[in-house]
Amino acid sequence: MIFDIVASHKSVLILGSPGVGKTTVLREYARLLSDVMRRRVMIVDTSNEIGGDGDSLHDSLGSARRLQVHPRSEQYKFMIEAVQNHNPEVIIIDEMGSIQEAQAAQSIAERGVQLIATAHGQSCADIHRNPSLRPIAGSAHSVILGKEEVKTRKSQTKTVLERQRDPSFDVLIELRERDCWIIHHNLADSIDAHLKGSNPQVEVRKRVIKTTASGESFQEIRASLCTMNDGML
């Protein structure tokens, strides 16, 4: 479901409700990046949710390293420490939720480190609606257009919302269910579309379990490109 995205070296934000499998996806990311692609991976682990409670990391994490976070409220400090002191190529973070963490993610992105993180939410629109996560979406603000600009853009109003900067992440994955993902391959374009009141282009991937005539089960990944609509929100 994710190898092509992992191999792209792009920063990825994973959105989903509790229990939908976000942490499982992070573990798979850690294994592929550290063991298959041989990159230096640092996990900023809050409450040992990713790596487990023991001194040794969860077996599924490959050769990734872990930075344990205590207390939870200071996760953003550990995010910066991971970049400054451990020279990672990739940082993995579970459950970003505060404005300090969003600002730390922006700082990490500006340093050129690949960032893989999860956050609570249902859709791309939730990022810029949530004040705490708004910095990673480019911190949209109101802009007043001049008469000529209104004509050029064919805008219905003089005041529009625009991003102040690029998002901290390149790709957004919405985990609607464990086996159904909506992928925004260009998060900046998707955010801009939402700010303009239009629908972004997305890819829908579904994992289907099928059975052969002999009774053996196998997975089939079905992918389709489409324009996101209100029924998908």
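**Figure 1. Asp 192 forms a salt bridge with Arg 163, with the closest N and O atoms 2.7 Å apart.** The pair links distant parts of the chain, 29 residues apart: Asp 192 belongs to helix α7 (residues 187-195), and Arg 163 to the loop between β7 (159-162) and β8 (171-177). A salt bridge is a side-chain nitrogen of Lys or Arg within 4 Å of a carboxyl oxygen of Asp or Glu. Helices (H or I, at least four residues) and strands (E, at least two) are DSSP runs, numbered from the N terminus. Asp 192 counts as partly exposed at 21% relative accessibility, and Arg 163 counts as partly exposed at 21% as well. Buried means under 20% relative accessible area, exposed means over 50%, and partly exposed lies in between (1.4 Å probe, protein chains only). This is a predicted model, in which local features need pLDDT of at least 70 and side-chain atom pairs count only at pLDDT 80 or more, while totals for chains, interfaces and linings use all residues. Residues are numbered from 1 along each chain as its sequence is written, and side-chain values use heavy atoms, with hydrogens and water left out.

**Figure 2. Helix α7 is mostly covered, with seven of its nine residues buried.** The buried residues of α7 are Leu 187, Ala 188, Ser 190, Ile 191, Ala 193, His 194 and Leu 195. They pack against α5 (125-129), β7, β8, β9 (180-184) and β10; contact means heavy atoms within 4.5 Å. Asn 186 caps the N-terminal end of α7, where a side-chain oxygen lies 3.3 Å from the backbone nitrogen of Ala 188. After α7 comes Gly 197, which has a positive phi, near 80 degrees.

Figure 3. An α-helix has 3.6 residues a turn, so residues three or four places apart point the same way. Glu 28 counts as partly exposed, at 30% relative accessibility, and Arg 31 is partly exposed too, with a relative accessible area of 30%.

**Figure 4. Lys 210 forms a salt bridge with Glu 220.** Here the closest N and O atoms are 3.8 Å apart. Lys 210 lies in strand β10 (residues 201-211) and Glu 220 in strand β11 (residues 217-227), so the pair ties together parts that are 10 residues apart in sequence. Lys 210 counts as partly exposed at 31% relative accessibility, and Glu 220 does so at 26%. Elsewhere, salt bridges that share partners join Asp 4, Glu 203 and Arg 205 into one network. The structure holds 15 salt bridges.

**Figure 5. The side chains of Ser 168 and Gln 106 make a polar contact of 2.8 Å.** A polar contact is a pair of N or O atoms within 3.5 Å; within protein, one must be able to donate a hydrogen and the other to accept it, and residues adjacent in sequence count only if both atoms are side-chain atoms. Ser 168 lies in the loop between β7 and β8 and counts as buried at 4% relative accessibility. Gln 106 is found in helix α4 (residues 99-110) and counts as buried at 12%. Leaving aside neighbours within four places in sequence, Ser 168 is in contact with Ser 11, Ala 105, Gln 106, Ala 109, Pro 135 and Ile 136. With neighbours left out in that way, Gln 106 is in contact with Pro 135, Arg 165, Asp 166, Pro 167 and Ser 168. Ser 168 and Gly 138 are 30 residues apart in sequence, and their C-alpha atoms are 7.4 Å apart in space.

**Figure 6. Cys 180 and Cys 226 have sulfur atoms 10.0 Å apart, too far for a bond.** A disulfide is counted as a pair of cysteine sulfur atoms within 2.5 Å, and by this rule the count comes to zero. The cysteine sulfur closest to that of Cys 226 is in Cys 180. Cys 180 is buried, with a relative accessible area of 15%, whereas Cys 226 counts as partly exposed at 23%.

**Figure 7. The protein chain averages a pLDDT of 86.** pLDDT is the predictor's confidence in each residue, from 0 to 100. In this chain, 92% of the residues score at least 70. Where pLDDT is low, the predicted coordinates should not be read in detail.
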